[in-house]
Amino acid sequence: MGFKCGIVGLPNVGKSTLFNALTETSNAQAENYPFCTIDPNIGEVAIPDNRLKTLATISDSKSIIPTKMSFVDIAGLVKGASKGEGLGNKFLANIREMDAIAYVIRCFEDPDIVHVNGTINPVEDSEIVETELMLSDLESIESRISSIEKKARSGDREARELLPIITSVHELLSTGKPARLLKIPEAEKPKLKSLQLLTSKPVLYICNVSEEDATTGNKFSKLVQDIANKEDALSIIISAKIESEISQLNTEEKNEFLIALGLEQSGLEQVIQSGYKLLNLITYFTSGPEESRAWTIPKGSNAPRAAREIHTDFEKGFIRAEIVSYKDYVTLQGEKKSKEAGKMRVEGKDYIVEDGDVIYFRFNV
């Protein structure tokens with residue numbers, strides 16, 4: 001499964017530089033002028049998980065297949081994008097396809113890199129991005145609300161169920177608040193998702209700081225942290241410049257470089273962990289002689305839903321799941337000894353998969 005994360009922000013905030021570093025490619029132009037990214041650049045990265053390597057060693061697997069995350073570098077946003085300014089509608093359409101959005105906010109000063117608005121103001125920058133997305137959502141809602149009201153009056157059940165949600169979203173957006181702040185029961189969230197609103201997506205604020213501020217942040221990143229705290233969002237501190245340097249190193253060199261800088265994690269690891277937290281995702285594993293593989297699923301998924309990630313036939317013909325916890329699998333050195341020790345559990349359709357479960361599915365089609 002993995003997930004898609006759109007990287008957005010104003011021009012010249014370091015979006016494309018960060019994208020290049022995170023995906024370890026040079027596909028995105030990182031030039032010092034607006035709109036250098038004309039089309040969304042897409043890069044897939046393997047999600048690092050040391051547990052997968054351990055399982056592969058124990059199972060003597062021929063191959064290791066990690067789960068993946070897609071980054072999409074989307075053209076720089078400017079004030080008026082919701083009305084077609086800059087790359088306008090094309091930019092907004094690209095965001096609708098994302099699972100989560102990373103707002104890259106410029107939190108560094110550099111006279112050689114021109115800010116599109118003339119001054120470094122992370123609060124104003126984040127407001128411009130958020131406002132343009134809200135205006136687009138508001139226009140989308142207002143174009144549909146009368147039709148849904150009409151259908152609801154005629155007795156259409158789906159419209160009746162959707163009407164209170166779309167009405168509440170309209171009220172929220174009208175007061176200048178994003179749709180993700182709407183408080184609704186978990187069972188109603190798929191209806192909100194069906195509206196495909198830009199501001200209903202989880203948000204990660206990425207504070208792009210200078211190399212000197214990578215460990216502690218600065219006055220600008222603190223302002224962004226305050227915004228995130230108020231908006232049910234997350235924020236992290238990354239130096240795109242440092243990430244560019246890290247992307248050129250091998251694993252051992254990366255670790256040494258991070259330690260030398262006083263950093264515990266790379267930017268990629270921070271983004272992945274934040275993405276999993278925002279989207280409420282977990283990982284389970286399959287492991288054997290042929291391959292050890294990681295699978296990403298929503299937290300709270302039952303066994304058949306987890307099986308679907310491998311193939312829809314696994315869900316349709318689900319019989320049972322044979323499960324060993326990662327800890328037991330490693331301690332007992334594999335499936336056979338785990339089974340002998342009574343640590344392999346046979347679970348049915350109602351079992352809720354836990355992060356780190358090593359699973360073998362039985363199914364019949």
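This is a predicted model: local features need pLDDT of at least 70, side-chain atom pairs count only at pLDDT 80 or more; totals for chains, interfaces and linings use all residues.
Colleague: OK, and what percentage of the residues is buried?
Modeller: Buried means under 20% relative accessible area, exposed means over 50%, and partly exposed is in between (1.4 Å probe, protein chains only). Out of 365 residues in the protein, the buried part comes to 48%.

Colleague: How many helices and strands does the protein have?
Modeller: Those are DSSP runs numbered from the N terminus: H or I of at least four residues for helices, E of at least two for strands. On that basis the protein has 14 helices and 12 strands.

Colleague: At what angle do H4 and H7 pack, and how far apart are their axes?
Modeller: Two packed helices get described by the angle between their axes and the distance between the axes. Axes are lines fitted to C-alpha atoms, for helices over the stretch in contact, with angles from 0 to 180 degrees between N-to-C directions. For H4 (residues 122–153) and H7 (residues 219–230), that gives about 40° and 9 Å.

Colleague: What do you call that arrangement of H4 and H7?
Modeller: Under 35 degrees would be roughly parallel, over 145 roughly antiparallel, 65 to 115 roughly perpendicular, and the rest oblique. At about 40°, H4 is therefore, relative to H7, oblique.

Colleague: Which residues of H7 do Pro122, Val123 and Ser126 in H4 meet?
Modeller: A contact is heavy atoms within 4.5 Å. The H4 residues named meet four partners in H7, namely Phe220, Leu223, Val224 and Ile227.

Colleague: Threonine 199 is in a loop, so is it buried or exposed?
Modeller: The loop in question runs between helix H6 (189–194) and strand E6 (203–208). Leaving aside neighbours within four places in sequence, threonine 199 contacts residues including Glu130, Leu133, Met134 and Leu173. At a relative accessible area of 0%, threonine 199 is buried.

Colleague: Which residue's side chain does the threonine 199 side chain join in a polar contact of 2.7 Å?
Modeller: A polar contact is a pair of N or O atoms within 3.5 Å; within protein one must be able to donate a hydrogen and the other to accept it, and residues adjacent in sequence count only if both atoms are side-chain atoms. The partner at 2.7 Å is aspartate 137.

Colleague: And what is the distance in the polar contact between the side chains of threonine 286 and tryptophan 295?
Modeller: Threonine 286 is part of strand E8 (residues 281–287), and with 14% relative accessibility it counts as buried. Among residues beyond four places away in sequence, it also touches Ile310 and Ile359. The side-chain polar contact with tryptophan 295 comes out at 3.0 Å.

Colleague: How far is the C-alpha atom of glycine 348 from that of glutamate 322?
Modeller: Glycine 348 belongs to the loop between strand E11 (345–347) and strand E12 (358–363), and at 32% relative accessibility it is partly exposed. Along the chain, glycine 348 and glutamate 322 are 26 residues apart, while their C-alpha atoms are separated by 9.0 Å.

Conventions. Residues are numbered from 1 along each chain as its sequence is written. Side-chain values use heavy atoms; hydrogens and water are left out.
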